[in-house]
Amino acid sequence: MQGKAVFVSIAARGQGAAQARRMAAEGAAYLLTEILDATGKETAAGIAEAGGADFLHLNVRENDDWEAVDCALTV
């Protein structure tokens, strides 16, 4: 996963967080998204220590949130 960029939705806890931690440990850079901001930021901070993760709020029902994710991924 070294040098790969990964986008994980619903990543604050559970399987999404576990997948993000595993791939970050293998060298991937991450964009974690979640509707639970505080938990998502905490998870991203922990993953950032292992390799790198950014957090962005995402409510999958909101077009503006998807536009923000699109902008973050194209930068």
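Colleague: Does Val60 count as buried, partly exposed or exposed, and why?

Modeller: Val60 counts as partly exposed because its relative accessibility is 47%. Here buried means under 20% relative accessible area, exposed means over 50%, and partly exposed lies in between, with a 1.4 Å probe and protein chains only. Please note that this is a predicted model, in which local features need pLDDT of at least 70 and side-chain atom pairs count only at pLDDT 80 or more, while totals for chains, interfaces and linings use all residues. Residues are numbered from 1 along each chain as its sequence is written, and side-chain values use heavy atoms, with hydrogens and water left out.

Colleague: Where is Val60 placed?

Modeller: Val60 sits in the loop between β3 (53–57) and α3 (63–74). Helices (H or I, at least four residues) and strands (E, at least two) are DSSP runs, numbered from the N terminus.

Colleague: Which residues make the nonpolar surface patch?

Modeller: Phe7, Val60, Trp66 and Leu73 make that patch, of about 350 Å². Patches are made of residues with over 30% relative accessible area and no salt bridge; like charges are joined within 9 Å, and nonpolar side chains (Val, Leu, Ile, Met, Phe, Trp, Tyr) within 5 Å. Accessible areas come from the Shrake-Rupley method with a 1.4 Å probe, and for residues only the protein chains shown count as cover.

Colleague: And Trp66: with which residues is it in contact, leaving aside neighbours within four places in sequence?

Modeller: Trp66 is in contact with Phe7, Leu58, Asn59 and Val60, once its neighbours within four places in sequence are left aside. Contact means heavy atoms within 4.5 Å. Trp66 belongs to helix α3 and is partly exposed, because its relative accessibility is 34%.

Colleague: Which residues gather in the patch of negative charge?

Modeller: Glu62, Asp64, Glu67 and Asp70 gather in that patch on the surface. Lys and Arg count as positive and Asp and Glu as negative, whereas His and the chain ends are not counted. The place of a charge is taken as NZ of Lys, CZ of Arg, CG of Asp or CD of Glu. Asp64 is in helix α3, and Asp64 counts as exposed because its relative accessibility is 58%.

Colleague: How many salt bridges does a search of the whole structure find?

Modeller: The search finds 1 salt bridge. The term requires a side-chain nitrogen of Lys or Arg within 4 Å of a carboxyl oxygen of Asp or Glu. The side chains of Glu26 and Arg22 form a salt bridge, at 2.8 Å from N to O.

Colleague: Let us turn to the interior. Is Thr33 buried or exposed?

Modeller: Thr33 is buried, because its relative accessible area is 1%. Thr33 is placed in strand β2 (residues 29–34). Not counting residues up to four places away in sequence, Thr33 touches several residues, including Val8, Ala11, Phe55 and Val69.

Colleague: What about Ala11: where is it placed, and is it buried or exposed?

Modeller: Ala11 lies in the loop between β1 (5–9) and α1 (14–25). Ala11 counts as buried because its relative accessibility is 1%. Beyond its neighbours within four places in sequence, Ala11 contacts Gly16, Ala17, Leu32, Thr33, Glu34 and Thr43. From C-alpha to C-alpha, Ala11 and Leu31 are 9.3 Å apart in space and 20 residues apart in sequence.

Colleague: What is the phi of Ile10?

Modeller: Ile10 has a positive phi of about 55°, although it is not a glycine. Ile10 also lies in the loop between β1 and α1, and Ile10 counts as exposed because its relative accessibility is 58%.

Colleague: One last topic: where is Ala38, and what separates it from His57?

Modeller: Ala38 is in helix α2 (residues 37–50). The C-alpha atoms of Ala38 and His57 are separated by 9.7 Å, with the two residues 19 residues apart along the chain. Ala38 counts as exposed because its relative accessibility is 62%.
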